[in-house]
Amino acid sequence: MKQPLIGILPLYLKLYDDVKPELREAFPPFLDTIAAQFRARGLDTSVADICRVKDEFAAAVAKFEREEVALVVTVHLAYSPSLESADILAATQLPILMLDTTMDADFGQGVSPERIMFNHGIHGVQDLASVLRRKGKHFEIVAGHIDNAEMLDRAAGMARAALAAKCLRTTRALRIGPSFEGMGDFAPPETVMEWMLGIDPEEIRVKDLAADAAAVSDDAIAAELERDRERFTIEVPEEVHRRSVRAGLALRKRLDEGGFSAFSMNFLEFQSGDEPLATVPFLEASKAMARGLGYAGEGDVLTASLVGALNQAFGRTTFTEVF
């Protein structure tokens with residue numbers, strides 16, 4: 001599982017710096033608290049300088065693009081006029097989450113009116129949301145006090161979802177054999193998958209994998225058998241286990257050398273019971289998912305790619321068939 005990197009974008013108003021510059025001193029600790037809350041949830045953070053005008057927003061977003069953040073999280077420290085930032089946020093390909101949060105948990109009669117200056121970012125959220133919607137830029141909003149764990153969990157979950165989407169669009173997928181003939185639900189035209197998701201699967205035949213299996217050494221098999229005995233309860237004859245390990249190590253080599261993050265196999269292609277590839281490497285499919293790769297059956301690289309993306313972003317993801 002990867003740690004998503006998010007870019008925290010603080011929005012502010014230049015007028016306040018002009019007329020009351022000392023107000024800004026309260027905000028760095030607040031931003032540090034937000035960043036710490038995300039880091040506590042397994043996210044990495046890049047916090048931009050407080051932005052007020054177009055040039056500052058442009059520089060901050062360009063920084064996030066260079067860093068390839070998974071998500072831009074906006075934080076309105078005060079009302080910030082949307083036209084200073086909207087064009088820049090609408091133009092970036094990075095996804096946007098507005099974190100509508102405040103320093104103070106409530107604003108009753110006993111709260112000093114001076115606290116208004118530290119708790120009125122909602123006006124900027126409304127302004128920016130309206131303009132981004134007008135420009136056709138998708139965004140999400142999570143609202144709540146900074147001490148609200150549920151709110152922060154939702155925001156962290158969206159960051160992981162953004163990372164999963166990013167991983168899906170950069171998937172290198174391997175297919176062993178063609179897709180199962182006649183199954184159409186997972187088989188959109190590959191030109192469509194490449195156009196919409198960037199997935200262009202590479203296909204090999206079982207004979208290619210058999211050549212890899214023939215090259216697996218006895219020492220490598222013995223070492224993998226020993227690792228399996230340490231991790232698993234083995235309830236099959238050693239020769240059965242050995243056949244599966246040889247096939248699995250051949251597949252692992254192919255996946256590693258090709259830099260694949262997802263793969264699928266059509267079991268009908270595995271017709272021979274002869275060495276060196278005498279079985280379908282289902283054991284290695286499970287091991288690969290434990291390493292963070294995606295898998296699906298019958299040549300379904302679309303689902304395999306989704307499993308891989310979710311595995312990288314959320315962890316503990318597996319492929320299953322519903323019966």
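Predicted model: local features only at pLDDT ≥ 70, side-chain atom pairs only at ≥ 80, totals over all residues.
Asp 212 lies in helix H8, residues 206-214; helices here are DSSP runs of H or I with at least four residues, strands are runs of E with at least two, and both are numbered from the N terminus. Residues are numbered from 1 along each chain as its sequence is written, and side-chain values use heavy atoms, with hydrogens and water left out.

Is Asp 212 buried or exposed? With a relative accessible area of 13%, Asp 212 is buried; the term means under 20% relative accessible area, exposed means over 50%, and partly exposed lies in between, using a 1.4 Å probe and protein chains only. Leaving aside neighbours within four places in sequence, Asp 212 is in contact with Ala 250 and Arg 254, where contact means heavy atoms within 4.5 Å.

E6 leads us to the strands. Strand E6 (residues 173-176) pairs with E8 in the parallel sense over 4 bridges; pairing requires that DSSP finds at least two bridges between two strands. Ala 173 has Ala 262 as its bridge partner in E8. E8 also runs parallel to strand E9 (residues 294-297), joined to it by 4 bridges, and there Ser 264 has Ala 296 as its bridge partner. From E8 the chain crosses through helix H11 (residues 282-290) to E9, a right-handed β-α-β crossover: with the strands pointing away from the viewer, the path from the first strand over the helix to the second runs clockwise.

In a regular strand the side chains alternate between the two faces of the sheet. In strand E8 (residues 262-265), Ala 262 and Ser 264 point one way, Phe 263 and Met 265 the other way, and all are buried.

Finally, I turn to a loop residue. Pro 188 is located between E6 and helix H7 (190-197), and counts as partly exposed at 28% relative accessibility. Not counting residues up to four places away in sequence, Pro 188 touches Met 193 and Leu 302.
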